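Subject: Structure handover

Hi,

Here is the structure I said I would pass on. My notes follow below it.

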Amino acid sequence: MERIHEFPAGPDDIDGDSSTSETENQHALEVVFDEDNARRRKSSLVSSENPKLARQAIKKRETTSCFVHQLLENQRKSRKSQPVMAHNEDRLLDKPPDAQTQAVHSRLLTKRQLSEMAIGVRELSKKLGSIRLKLRVKTIFLLTKAHDSDLIGLTRNITEWLLSKERDSPYIVYVENTLENNPAFDAQGLVSKASAHEGRLRYWDNELCKKQPHLFDFAITLGGDGTLLYGSWLFQRIVPPVLSFALGSLGFLTKFDYADYQSTLTTAFNDGVTVSLRLRFEATIMRTQTAKHGQNDLIEELIGNEAEDNLTHKPDGSYTILNDIVVDRGPNPTMSSTELFMDEKFMTSVQADGVCVATPTGSTAYNLAAGGSLCHPENPVILVTAICAHTLSFRPVILPDTVVLRVGVPYDARTSSWASFDGRERVELHPGDYVTISASRQRQKGFKE
């Protein structure tokens, strides 16, 4: 824990601890991928984004200011020069099977690419957990409960401390735009205290977080676990490193005591921090395009062969979540009927109040209440738990993070189902629709004590 790394940095900067024997063991392992399962379904490969915007996103990914994604991009490029042998073939698969697979969404990745991404994140997470990173912080994002007057006062205190001329750097502090005219926060009084505060207190809104996530070098949350989850929801792509002060009713995710905020932040800025990466999911709503074409079978559509000119589904919105995705019966008085698919294989049908698909972070939330397994947040897994299942035949399942899971509503279901993402954006799923769930490239970055 003694070494300090300045960022931006390359992958060579954090490889010093690897032993020769460990390196030899890694090179001794050969991974073989089945060519028959080289790519995803054609419907899943349809991008909901403008092709020009997708190319811009790829370019932005390569030049991101986020230190974690810089390292991942360097890992990806280094692996690109290492050929992987195809199953029962002598030729090399150096290039992706399709140009579209270069898109950002993980549901567009081939099995090989998704596995490489997961392996890269695990290696990076292991190395980041054993070193301290000294971040170059200029812009700080502050998030609190805007309706809690007590927390607004505490937010004002920490904002004034960050803006003080006694700090080593003239930080720019962003607070929620609702606080600009809040009498408890008194933004005008804060700025008028010193001329050095002028122009350094700024305001964020949802649109700024969505369009310019790279603007923030460091995030601070004041509240409980729900506040941290809301922060994750605001940043659907790149998430700044988050330091959370425990000021809520739950404390699974908030590790730091607000009473010590001055010493905690001073240590983080001057001495560096140890970063932890938490798995997030990318979920995409897929709408059926064949519901009016007579009798349909969702199983046949999702594991059968698709015609080139007749795609069965199209994407209708994607969400990145930290806790869980729940597909339930919604306002319907009867049970929901869903079908689960793992990669290109049918898993099972579920008759229940719903299905909860949780990250390791979300294992202590709805998943736990539904009888699912508790899981350490660093485990790279997907937890699937039925909510009040009709029979005892479906038990909680733990899947690796390298699979793409699909939860669909069969065409013969009596009612529709409803999907929610971290408790937000409740969306109706009609018969024939499904949700595709996979590990997101955009991980949640937090700090260890």
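Start with the hairpin. β12 and β13 form it with two residues between them, and aspartate 343 in the turn has a positive phi of about 55°. Strand β12 covers residues 336–342 and strand β13 residues 345–352; they pair in the antiparallel sense over seven bridges. Glutamate 339 has serine 349 in β13 as its bridge partner. Two strands count as paired if DSSP finds at least two bridges between them. Helices (H or I, at least four residues) and strands (E, at least two) are DSSP runs, numbered from the N terminus.

A word on provenance. This is a predicted model: local features need pLDDT of at least 70, side-chain atom pairs count only at pLDDT 80 or more, and totals for chains, interfaces and linings use all residues. Residues are numbered from 1 along each chain as its sequence is written, and side-chain values use heavy atoms, with hydrogens and water left out.

Next, the sheet. Six strands form an open sheet with antiparallel pairing, in the order β16-β15-β14-β11-β18-β19. β16 (397–400) and β19 (424–429) stand at the edges with a single partner strand each, so one side of each has no neighbour in the sheet. On average, neighbouring strands of this sheet are turned by 20° against each other, direction ignored. For such angles, axes are lines fitted to C-alpha atoms (for helices over the stretch in contact), and angles run from 0 to 180 degrees between N-to-C directions. Inside the sheet, strand β14 (residues 354–358) and strand β15 (residues 381–387) run antiparallel and are joined by five bridges. Valine 355 has alanine 386 in β15 as its bridge partner.

Now the helix. α4 spans residues 111–128, which is 18 residues. At 1.5 Å a residue it should span 26 Å, and its end C-alpha atoms are 26 Å apart, so the two agree. The expected span is 1.5 Å times one less than the number of residues. Its buried residues include Leu114, Met117, Val121, Leu124 and Leu128. Buried means under 20% relative accessible area, exposed over 50%, partly exposed in between (1.4 Å probe, protein chains only).

Cavities: there are four of 30 Å³ or more. Of its 13 lining residues, the closest to the centre are Leu228, Leu253, Arg278, Gly446 and Phe447. β7 (242–246), β8 (274–278) and β21 (444–448) each give two or more residues to this lining. β21 gives the most, with four. A cavity is a set of points on a 1 Å grid, over the protein atoms alone, where a 1.4 Å probe fits but cannot get out; lining residues have an atom within 4 Å of a point. Grid points are joined across faces, edges and corners, and a volume is the space filled by probe spheres set on the points.

- Leucine 133 lies in strand β2 (residues 132–134). Leucine 133 is buried, at 0% relative accessible area. Its C-alpha atom is separated by 6.2 Å from that of threonine 274, 141 residues apart along the chain.
- Aspartate 186 is not a glycine, yet has a positive phi of about 50°. Aspartate 186 lies in the loop between β4 (172–176) and α6 (187–192), and is partly exposed at 35%.
- Cysteine 388 also has a positive phi of about 50° without being a glycine. Cysteine 388 is in the loop between β15 and β16, and is exposed at 56%.

Best wishes

Methods. On a 1 Å grid over the protein atoms alone, a cavity is a set of points where a 1.4 Å probe fits but cannot get out, and a pocket is an open set with protein on both sides within 12 Å along at least five of seven lines; lining residues have an atom within 4 Å of a point.
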